[in-house]
Amino acid sequence: MFYTTRAIIILGMHRSGTSLIARTVGSLGVYLGQDADMMPQGEDNPEGFWELTSIVQLHEKILNKLASSWDTTKPLPDEWWLSNDIEPFKNEMKNIISSYFSGKKVWGWKDPRTCLLLPLWKEVLKELHIDASFVLCVRNPLGVAASLNKRDRFSFEKSYALWSLYTLHGLYYSNGEKRTVISYEELMEKPNEVCQRLQKFLGCSDEPKIREIAVAAVNKNLRHDQFSIDDLFHEPASPADVQTLYRSMLDMTTNENKHFIEFERWVVQTLQNFKQISSILSHTPSHRMQVFWGDEQGHFSETSSKFVTIEVGSSPVRYRATIPKFAGNTLRIDPLNRIGFVQVTELKLSCGNSSYDLIDLCPIAYMDFIRVTDKQDEIIGISISNDPHIILSDLPAYDGEVVLSIEIAVSFELSKEIVKRIKALPTMAQISSTLQAMDARLLGWEKSHIEAENNLKMINSLHQQLQERESSINELAVQSEIQLELLERMSDEYKQLQEKHEEQERLLNDRANNLEDKNQEAESDVVNVLRNQLERKTEEAERYRQEISLYGNSLSWKVTKPIRQSAELLRRAKRRAKRLLKKRINQLKMIRYKSQSIHGLPTIFDYDNYALVVSHTNFLVSMGGTEKYILEQSAYLAEYNIGTIGIFPGQQYEFLADLEVTQYGVIVDGKVKGYYSIDQVVDWVVKMAKHIGSMYSHHLLYWNFGDYAKLLRKAQEESIRHTFFMHDFFALCSSYHLMYEPANVDSFQNVHQRSCIPELTQAQVGCASICTSCTHYNKLSTWREATKIIIDSAYQVVVPSDFVKDTVLSVFGDVCHKIKTHGHLTFSGQHFVHKPRHERKIRLAYLGYKMDNKGWALWEKLYQNEQLNGIYEFHHVGSAQNYDKNVVCHSYSFVTHGNMAAVNILIEQQIDVVLLWSIVPESYSYTLHEAIAAGVPVLTSPKSGNIANTLQLHPELGKVLGGEEQLMAFLHDEQSVRNFNSGERARYQLAYNHLPE
């Protein structure tokens, strides 16, 4: 490709020495722009930022558009640069390049935010045929954290997260490009060697004189710390990933080609992991207030100002700023850089032992700021632009530096308090009086009669606008009164209708209860009769079997053949009797379902908008991982005034069967509204369609595909957006745990139980050789054809982990553009606790339901082992039944006690180790996240899918043991187990990970 010019992009985290390296690069011949176009120097960077003001302002606009900021640790949305809202910013980037760098052969820029926004820049540079090279600046993360703590009062945790975010994005987006890595510490210690390496990379002149100028620009007095890599590794709060990333970056500074491909893969994987756990590292952005001190003429400039980092919130917090001696007697405070609410409860200036209350004693003027309080001892108001000013004049004279103490709260949300204060705004007479006072004050400030007249015209214009606004407000008030009267009448009518509805509902409930009692009596009588018949048949079959056994011991095989045939006929009769009993019980269930539907589907709702949720069970009762997620999703939607409609199968239907009669339960606003045919449900959904915005299909186990297809087709016709969740592998095979089940007896005897996933992912063709000998193979093709229809209809396909994503893509490789990894839970509120080495028995817990595929058989072996009972105290968290004297059981309800219920039990009972021995591949595992949140290490099997994958990525969370023998050996080694569970452990708060639209 033909390149017109070459751009040098300087990447790196804030406070990482990017300004110094930009200055060095500029000294070596790279054009960075005119001094007048640069950001002015500040107190925190006295030699300048070397950032083009237009680029910084553009970056801020883009981040604001994405609801982000420079100090937000949450990554930007996937493929954000492809959004239509972002497209216009590409033209602004092109205008900056043509305005500031036109005609320059080698040019560049520096702004740390470029790390986050690099994909958009790369597209622009490619379109303009500009060759891009990257200089990555790296500084010891401990030094970065200390600097941000001093300047912005950031916690070290937040600073490490920001350093990881910027560094990983800078590496990821520059993979495969021309780049070099420069260490800030090495530049300070060996400036000549680093500048020589930069000259070679930049391709600029290698003259020693030019290098000498660049070396001379390195001011070692500006280095305020001397942290080494050992200091970082001994810092308790520094994460292991930060340490590994920093060591790798240092390695790149000396040998940039060493393990280049492996390192790029490592960066990609680490960034994916970072995004998955971004909620752990998510921090609320801070805000920077700017304070100016005026000169003798009352003029303000950026060089005579400083920033104060303040937290966004509703409660005032006191901050202090040291101001150098200045000749003027005015101060200007810019509390916000956008529209928001400000409350200042204290504003004092002090020098030595003297203090001066500025609010009480100084004249105060406001620009683009409306004051909303009559109190004289505080400033409360709302900014009406992106640059509001609070100007204080007639300050006392001080001989020396002074300390400004300000107690302030800022908020960007419209709270009840703010609305209340807006309603309490002064009348027109008061506003007019205030404007006249401002007029007189401005006249006193202006030097010429002409300027005073211009300001007076502006005030008169504002006066006229306020009058027009007052007239509009009065009209709105009259309309509001009319609407209120209408609402009151409608409310009375609604109450009357509600009373009638409640009376009718009571009558229907009585009828339903009577019908239910009769159904139960009839069901009980029929079931008892059929059960007695079955027992008699069973006893008769047993007598025949005993007689046949006697004959079989005395007669030859040929002679006893008729007897054996008779026995087989009896066994078939027994199976037929069982099927008859089951069929009759199902018929009775259908009668009961219909009786529960006597009220009919609702027509009056609690919400205006709803989400349609399809699941395999009643999520109000069953508490598996999928049901927990749906319950959390419903609660989250309710916070935004969106109700939930749930639909689930009334019985366990076959997915591909041709069924005539089916019943499905309907949940509306947390209540079961009865059971209905699929046609009734579909007709009702069509009538409700204008209120339904989204459809979430969580699980289709026990659904009949024909019924689901009817519902899905109608949802598509009504333009309801569909999201398909793959909580497990149901969409890939009827063996939804993907466990191999041999099709013949010989295979069953010779092949151990195992997962199909390794063979499936290696085959990459959707069907491995192992599939052909499995019992599920005969319907595999039809099964996947049905589920592919569902996947193709979905707006997006959501999987809980990359483990599931990789498995799904091995079968349905063409859905990679719509598949999204999104875990059920997020972590927040990380804190560390020290777990001492106890001398008591070690407390080992089984967490979850009593299920064979969760390792229940192994758990029974453990608590029944006499030797282990001498070492361990066994607990079962999630059982309401005390089933053995050696096990302490703890029951809880996810619905009643919340998503931290199991976590709190693990902490309160001081559990030392959790056993999660799943013998089938787990796609996500709530129990794993509950154990992590409680800070309890986990023991698991290599067959446990995502549990094993997570522990292999994060060995500090637990161990993956090779099998039962290795587990037993580890548990019998008491000292190793005690060492394993003691020491520093992180704990978290669990929260629902909502799915962004």
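Hi everyone, one definition to begin: buried means under 20% relative accessible area, exposed means over 50%, and partly exposed is in between, with a 1.4 Å probe and protein chains only. What we have here is a predicted model, where local features need pLDDT of at least 70 and side-chain atom pairs count only at pLDDT 80 or more, while totals for chains, interfaces and linings use all residues. Residues are numbered from 1 along each chain as its sequence is written, and side-chain values use heavy atoms, with hydrogens and water left out.

Let's start with salt bridges. I call it a salt bridge when a side-chain nitrogen of Lys or Arg is within 4 Å of a carboxyl oxygen of Asp or Glu. The structure has 26 of them. Take Lys-61 and Glu-92, whose side chains meet at 3.0 Å, N to O. That pair links distant parts of the chain, with Lys-61 in helix α2 (residues 53-65) and Glu-92 in helix α3 (residues 87-100), 31 residues apart. Helices here are DSSP runs of H or I with at least four residues, strands are runs of E with at least two, and both are numbered from the N terminus. Lys-61 counts as partly exposed because its relative accessibility is 40%, and Glu-92 is partly exposed as well, at 28%.

Is Lys-90 buried or exposed? At 7% relative accessibility, Lys-90 counts as buried, whereas Glu-127 is partly exposed at 41%.

A local example now: Lys-714 and Glu-717 form a salt bridge with their closest N and O atoms 3.5 Å apart. These two sit three residues apart in helix α20 (residues 705-717), so about one helical turn separates them. Lys-714 is partly exposed at 34%, and Glu-717 is exposed at 52%. Going back to Lys-90 and Glu-127, salt bridges with shared partners join them with Glu-87, Lys-94 and Glu-123 into one network.

On to the rings. Rings of Phe, Tyr and Trp (for Trp, the six-membered ring) pair if their centres lie within 6.5 Å; planes under 30 degrees apart count as stacked, over 60 as edge-to-face, and the rest as tilted. Searching the whole structure gives 39 aromatic pairs. One of them is Phe-648 with Tyr-675, an edge-to-face pair at 5.8 Å centre to centre and 85 degrees between the planes. Phe-648 is in strand β17 (residues 642-649) and Tyr-675 in strand β19 (residues 671-676), so this pair ties together parts that are 27 residues apart in sequence. Both Phe-648 and Tyr-675 are buried.

For a tilted pair, look at Phe-655 and Trp-783, with 4.8 Å between centres and 45 degrees between planes. Phe-655 belongs to the loop between β17 and β18 (664-668) and Trp-783 to helix α23 (residues 780-793), so the parts tied together are 128 residues apart in sequence. Phe-655 and Trp-783 are both buried. There is also a cluster linked by ring pairs, made up of Tyr-846, Trp-856, Trp-859, Tyr-863, Tyr-872, Phe-874 and Tyr-883.

What gathers Glu-481, Glu-485, Glu-488, Asp-492 and Glu-493 together? They form a patch of negative charge on the surface. Leu-484, Leu-486, Leu-487 and Met-490 make a nonpolar surface patch, with about 390 Å² of accessible area together. Patches take residues with over 30% relative accessible area and no salt bridge, joining like charges within 9 Å and nonpolar side chains (Val, Leu, Ile, Met, Phe, Trp, Tyr) within 5 Å. Glu-488 counts as exposed at 53%, and Leu-486 is partly exposed at 42%.

Last, some backbone. Most residues other than glycine have a negative phi. Glu-79, in the loop between α2 and α3, has a positive phi near 50 degrees, and Glu-79 is exposed at 51%. Asp-368 has a positive phi too, near 55 degrees; Asp-368 lies in the loop between β11 (364-367) and β12 (369-371). Thanks, everyone!

Definitions and conventions: Accessible areas come from the Shrake-Rupley method with a 1.4 Å probe; for residues, only the protein chains shown count as cover. Lys and Arg count as positive and Asp and Glu as negative; His and the chain ends are not counted. The place of a charge is taken as NZ of Lys, CZ of Arg, CG of Asp or CD of Glu.
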